[in-house]
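Subject: Structure for your review

Dear colleague,

Please find the structure below, followed by an account of what was found in it.

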Amino acid sequence: MNWHTIYFLLFSLAACGFALAVVFSSNIVRMAFYLVLSLGATAGLFFLAGADFIGAMQLLIYVGGTLVLLVFGVMLTAQSPFISMKTHSGDWILAAIVGGSLFAVLVQAAFSISQWQAGSSSNDPAIVAAPTTTTVGEGLLGLRVDALSKASTLQQTGVLSGYLLPFEIVSVHLLVVLIGAAYLARAKRRKLVQMAET
Amino acid sequence: MADFFIHHWGWWSWLSYLLAGFIQCNLLLLVPFIGAMFFVWVERKVSARIQDRLGPTRTGGKFGWLQLLADGLKLITKEDLMPGEADRLLFKLAPYVSFVFSYATLMALPFADGWVALRMNVGVFFVIAVLGLEVFGVILAGYASASKWSLFGAMREAAQVVSYEVPLGLCIVTPCLIAGSLDLITIAQKQQGWFTNWYIFHDPFTFIIFWVYFTCATASVNRAPFDLAEAESELVAGFHTEYSGFRWLAFYMAEYGSMFTVAGLGAILFFGGWNGPIPVTHLLGWAYTADESHWRTLGYIANLLGCMNFIGKCIFWVTVMIWVRWTLPRLRIDQVMKTCLKYCTPIAAAMFVGVAVWRYEFPGGLWVKQSAASAEVREGAFMDATKKEAGTINQPSAQKLIEKIASEEVQ
């Protein structure tokens with residue numbers, strides 16, 4: 001048991017434990033707080049696996065962005081100071097079915113990968129120094145990083161088959177959505193002001 | 001350090017690693033802690049000088065250093081209050097959340113060449129990601145206090161921090177664009193040499209963008225003139241209205257920790273990090289190499305000087321923030337938002353495009369002609385290193401990766 005395993009157990013326990021805490025808590029803001037800890041522990045797992053870009057992304061998008069938005073939404077829509085959610089028994093059954101089936105699929109997928117089974121793993125403690133941003137960029141440019149066994153992959157696949165074009169289209173699309181949202185919000189406010197004046 | 005203990009003093013490896021880890025963790029924690037104490041004292045003194053406040057100029061000791069102890073004692077002996085309606089768990093946790101996220105950024109901040117707790121390929125990205133998380137502690141504090149003052153303060157501050165992350169990110173990306181890396185150590189290493197190699201002097205656009213960065217950084221750590229969220233007298237102290245004593249101190253420490261971090265990030269991205277204005281250590285050939293299995297004393301001294309350089313730059317920029325705080329009047333919330341969305345974001349975006357064009361047209365930066373003219377003045381080991389690096393920048397990294405894999409296959 002090396003330090004890598006110990007940290008993996010620590011982070012995975014934190015992720016699972018706080019995920020359970022999210023489920024069993026009834027106060028929404030506490031739920032959000034537990035979700036932060038759970039997602040933060042997941043980011044820790046990513047860092048541990050050497051995927052520091054994905055880990056930082058997880059922190060930035062899920063922990064920083066999504067959850068702040070969530071808490072904002074809760075605070076803005078709250079009627080009473082502390083909202084607690086009541087779950088009906090039907091919700092429990094539905095959630096159990098969805099969550100259970102997803103869990104089963106994930107467990108099956110995890111055990112079907114031969115490299116992850118016990119005994120076959122190479123006991124390399126950490127690959128933290130691997131340059132993941134470079135690989136992500138190369139993946140966008142069309143270099144299949146997972147299939148880089150031959151030096152001629154770049155020539156075979158070519159640059160055009162990469163994800164760069166979809167990525168750029170998505171970026172421009174997001175920008176358009178942002179501008180549109182800003183425009184809509186602005187127009188609405190003007191109308192409200194006019195209504196208030198008349 | 002552990003290797004040093006093992007190879008030079010012949011200690012057991014577990015003891016060496018334990019001791020090295022202990023010393024380094026403590027050093028990393030002590031820098032912001034002592035820094036926060038020192039900055040509080042500087043803040044008191046500067047505010048006293050600027051605004052003619054009598055208290056801090058008359059506290060005892062040489063230069064009034066007893067003010068530190070007085071502040072600390074006052075804060076620790078205050079009663080620990082909590083509103084009756086508050087969400088007890090979150091109310092207690094919120095200061096620590098803020099504090100932890102503020103100090104976690106130091107993990108990725110290099111103090112000198114290779115002197116970093118966790119060298120990450122995406123150091124810059126990690127620092128902004130974790131700095132942005134600090135707002136969560138603020139929201140928790142405001143929400144859990146069950147007080148309208150706190151809630152409004154938290155909303156204002158969260159809105160401010162979240163919106164200032166946009167121009168801040170744009171400003172931070174620019175030096176990464178020039179350096180072609182997200183690694184803080186690589187970015188600082190690329191600025192080695194005379195102070196003209198610093199990215200603030202790289203081209204006119206970076207010179208402008210540093211000031212945008214500084215404005216946004218000041219705003220994102222809630223310093224004046226953007227400290228509306230915690231304005232003292234006008235708005236009943238914002239999100240930490242209900243906090244007292246040590247919990248309030250934790251928020252304050254988090255603020256000073258973040259100030260140190262953004263100042264350090266600015267120093268690395270725009271002011272050459274640990275590289276001094278004159279490359280004394282490089283001219284003397286004391287370059288530090290982190291991958292050597294044992295310490296070379298000269299390299300160690302060079303890095304110690306670099307560390308002092310870096311901390312000096314941090315202290316300078318924090319002092320500028322303090323100076324700005326006690327000089328400028330506070331902005332209204334609409335003015336704060338206007339500064340962010342109408343001025344900082346477009347300027348940062350335009351400068352980003354400008355830097356991209358400039359880097360394409362003049363890859364060597366603003367001083368490429370002058371450096372060719374006065375090459376003999378600047379001769380030294382570091383110039384060769386930078387030239388070598390400049391040669392390898394343009395090489396596509398995909399090709400390098402393929403070559404690496406091909407060579408591994410041959411082996």
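Is the crossing of α4(B) and α9(B) left-handed or right-handed? The crossing of these two helices is left-handed; the term means that the near helix is turned anticlockwise from the far one by less than a right angle, whereas clockwise would be right-handed.

Some conventions come first. This is a predicted model, in which local features need pLDDT of at least 70 and side-chain atom pairs count only at pLDDT 80 or more, while totals for chains, interfaces and linings use all residues. Residues are numbered from 1 along each chain as its sequence is written, chains are lettered from A and ligands numbered from 1 in the order in which they are written, and side-chain values use heavy atoms, with hydrogens and water left out.

The two chains

Chain B comprises 15 helices and zero strands, and chain A has seven helices and zero strands. Helices (H or I, at least four residues) and strands (E, at least two) are DSSP runs, numbered from the N terminus. Of the 411 residues in chain B, 50% are buried; for the 198 residues of chain A, the buried share is 23%. Buried means under 20% relative accessible area, exposed over 50%, and partly exposed in between (1.4 Å probe, protein chains only). Contact means heavy atoms within 4.5 Å. Among contacts in chain B between residues at least 6 apart in sequence, 78% join residues at least 24 apart; the corresponding share in chain A is 53%.

Helices α4 and α9 of chain B

The axes of α4 (residues 88-104) and α9 (residues 245-270) of chain B come within 8 Å and cross at roughly 20°. Helix α4(B) is therefore roughly parallel to α9(B). Axes are lines fitted to C-alpha atoms, for helices over the stretch in contact, and angles run from 0 to 180 degrees between N-to-C directions. Angles under 35 degrees count as roughly parallel, over 145 as roughly antiparallel, 65 to 115 as roughly perpendicular and the rest as oblique. Residues making the contact include B:F91, B:Y96 and B:S102 of α4(B), and B:F246, B:A254 and B:T261 of α9(B).

B:T261 has a relative accessibility of 0% and so counts as buried. Beyond its neighbours within four places in sequence, B:T261 touches B:S102, B:T105, B:L106, B:L109 and B:V127.

Helices α8 and α12 of chain B

The axes of α8 (residues 204-220) and α12 (residues 333-361) of chain B come within 9 Å and cross at roughly 150°. The two helices are therefore roughly antiparallel to each other. Among the contacting residues are B:F205 and B:I209 of α8(B), with B:M351 and B:W358 of α12(B).

B:P346 also lies in helix α12 of chain B, and is partly exposed, with a relative accessible area of 39%. B:P346 and B:L170 are 176 residues apart in sequence, yet 9.8 Å apart in space, C-alpha to C-alpha.

The nonpolar core

A nonpolar core is a set of buried Ala, Val, Leu, Ile, Met, Phe, Trp, Tyr and Cys residues joined through side-chain atoms within 4.5 Å. In the largest such core, of 121 residues, A:L59 and B:Y213 touch the most other members. Helix α5 (residues 123-144) of chain B gives the most to this core, with 17 residues. Leaving aside neighbours within four places in sequence, A:L59 is in contact with A:A43, A:F47, A:G64, B:F126, B:A129, B:V130 and B:L133.

Yours sincerely
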